[in-house]
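Here is a short tour of the model, written for someone who likes to know the cut-offs behind each term. Have a look at the sequence and the 3D view, then read on.

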Amino acid sequence: MGFPKGFLIGAATAAHQVEGNNIHSDYWAQELLPHTSFTEPSGIACDHYNRYEEDIQLLAGAGLNAYRFSIEWARIEPEEGAFDETEIEHYRKVIACCRKYNVEPIVTLMHFTSPVWLIRKGGWEAESTIEYFRRYAAYVIKKLGAELKYICTINEANMGLQLAAIAKRFQLMAQQAAQKAKSAEGTVQVGMNFEKMMENMKVAAMENAQVFGTPQPQVFVSSRTPEGDELVFRAHKAAKEAIKSICPNIRVGITLSMHDLQALPGGEQFANKAWEEEFRHYLPYIEDDDFLGVQNYTRTLYGPSGQLPCPEGAELTQMDYEFYPDALEHVIRKVWEDFKGDLLVTENGVAVTDDSRRIVFIRSALAGVEKCVRDGIPVKGYCYWSLMDNFEWQKGFSMTFGLIAVDRTTQERTPKESLAFLGSYAK
Ligand code: BGC
């Protein structure tokens, strides 16, 4: 049957991962610390800041009709209260370029990176951030709102809690390793690694203090406290109100990172608890939104004693996720039980070297989305992550999620077959 007319078929990027030279942002600063946990700095990234037209042209030429990208707060407001009009003009040109090629721009206001000054003021655990974010959102919408239909306020607003859970697991492992090292004399390597890790953490804390004024800066992807978790959603609400008061017709939503949480017999309680944390407890903040951005990459399994590793023999992606495209359909159906607004798949994708596996992934994921649409679930579009191979945060440029390959030396773009394959779904 295919998708209804007007269904958005697009690809996504985020400013810091593709633009290059995002020098006023917290990530840029962290990447350059001597004891950074980044494998390499973002540098010029994909030089998308200068090459956006070529990239949008490739996207549109393959048939895609939507482009999700983010506006960089650190460019718009590099110093507190000092807004940079020339950067607004840059994004105005990007939006105009989308329109020129009949591509719907879906704009994210905050995709993980913040201006350094915001972090120096307490970052994503400080009450004042709500007002700062509202002010930034209002500024952007006053300038560019008339040209936009879709705004995602904050990308993967639930990321901080997910990271807190992972950090807790890591801490436990480190403690266990330390105990082992103490009790087993002679297993020097364990002891050595642990000590070095602690040493590195101390030095990194000092370096952070120099840049951010605090040894533990609260960037967007820091482990979040329950209060910080709530704060992010209050910032979303404040920004949404501001956007609506300026441009009532813009459709506003947030995006969430969601796993397909599957319980094996005995694992139900764990899976339910995880879903409550990952999604359901946010409902009071998002249920009146125009849409919800669904972002999914794989599934997570639970057994009677909690989370399980990937099944034996499963195909793994470069990210070590299980290759499991059916997860998207499951997540959409689960979200729809509680959220009754429109749904937009704002990210779904796979990091693989073999592009034919990407095609298989997209085909299966979209078959699932089609079934949901046929069943009356209002999914309005699908954006693949990512338009091009880019800077995968701490993992640097090693992960290839892209529909377009980017030569790291020449910046030359080479579309992969998956780009045209995805484009074939658009009407
Ligand atoms: C993020 C992207 C990231 C992608 C792949 C999502 O969590 O929004 O910025 O590159 O997943 O890991």
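## Salt bridges: a pair within a helix

Let's start with Glu89 and Arg92, which are three residues apart in helix H5 (residues 85–100), so about one helical turn separates them. Helices here are DSSP runs of H or I with at least four residues, strands are runs of E with at least two, and both are numbered from the N terminus. The side chains of Glu89 and Arg92 form a salt bridge, at 3.0 Å from N to O. That term asks for a side-chain nitrogen of Lys or Arg within 4 Å of a carboxyl oxygen of Asp or Glu. Glu89 has a relative accessible area of 32% and is partly exposed, and Arg92 is partly exposed too, at 24%. On this scale buried is under 20% relative accessible area, exposed is over 50%, and partly exposed is in between (1.4 Å probe, protein chains only).

Before going further, some housekeeping: this is a predicted model, where local features need pLDDT of at least 70 and side-chain atom pairs count only at pLDDT 80 or more, while totals for chains, interfaces and linings use all residues. Residues are numbered from 1 along each chain as its sequence is written, and side-chain values use heavy atoms, with hydrogens and water left out.

How many salt bridges does a search of the whole structure find? The count is 30. One of them joins Glu322 to Arg299, whose closest N and O atoms are 2.8 Å apart. Glu322 sits in the loop between strand S9 (306–308) and helix H13 (327–336), and Arg299 is in strand S8 (residues 299–303), so this pair ties together parts that lie 23 residues apart in sequence. Glu322 is buried, at 7% relative accessible area, and Arg299 also counts as buried, at 18%.

Another salt bridge pairs Arg357 with Glu315, with the closest N and O atoms 2.7 Å apart. Here distant parts of the chain are linked: Arg357 belongs to helix H14 (residues 355–374) and Glu315 to the loop between S9 and H13, 42 residues apart. Arg357 is partly exposed at 26% relative accessibility, as is Glu315 at 32%. Elsewhere, salt bridges link Glu77, Glu80, Lys121 and Arg135 into a network.

## The ligand site

Now for the ligand. Which residues come nearest to it? Out of the 13 around it, they are Gln17, His111, Glu156, Glu347 and Glu392. The shell divides into six nonpolar, four polar and three charged residues.

Several polar contacts (N or O atom pairs within 3.5 Å) reach the ligand's oxygen atoms. A polar side-chain atom of Gln17 lies 2.8 Å from a ligand oxygen, and for Tyr297 the distance is 3.3 Å. On its own the ligand exposes 310 Å², and the protein buries 93% of that. These areas come from the Shrake-Rupley method with a 1.4 Å probe.

## Strand S4 and its neighbours

Why is strand S4 (residues 150–154) described as largely enclosed by the rest of the structure? Because five of its five residues are buried. S4 runs parallel to strand S3 (residues 104–110), joined by four bridges, and parallel to strand S5 (residues 251–257), joined by three. DSSP needs to find at least two bridges before two strands pair.

Follow Cys152 of S4 to see both sides: Cys152 is the bridge partner of Thr108, and its partner in S5 is Gly253.

Ala45 has a positive phi, near 50 degrees, without being a glycine. Ala45 lies in the loop between helix H2 (26–31) and helix H3 (48–61), and is buried at 0% relative accessibility.

Trp393, also not a glycine, has a positive phi of about 50 degrees. Trp393 is in the loop between S11 and S12 and is buried, at 10% relative accessible area. Ser386 has its place in the loop between strand S11 (379–385) and strand S12 (404–406), and the peptide bond from Trp385 to Ser386 is cis, with omega near 10 degrees.

Notes: A residue is near a molecule or strand if one of its heavy atoms lies within 4 Å of it. A polar contact is a pair of N or O atoms within 3.5 Å; within protein, one must be able to donate a hydrogen and the other to accept it, and residues adjacent in sequence count only if both atoms are side-chain atoms. Ala, Val, Leu, Ile, Met, Phe, Trp, Tyr, Cys and Pro count as nonpolar, Asp, Glu, Lys and Arg as charged, and the others, Gly among them, as polar.
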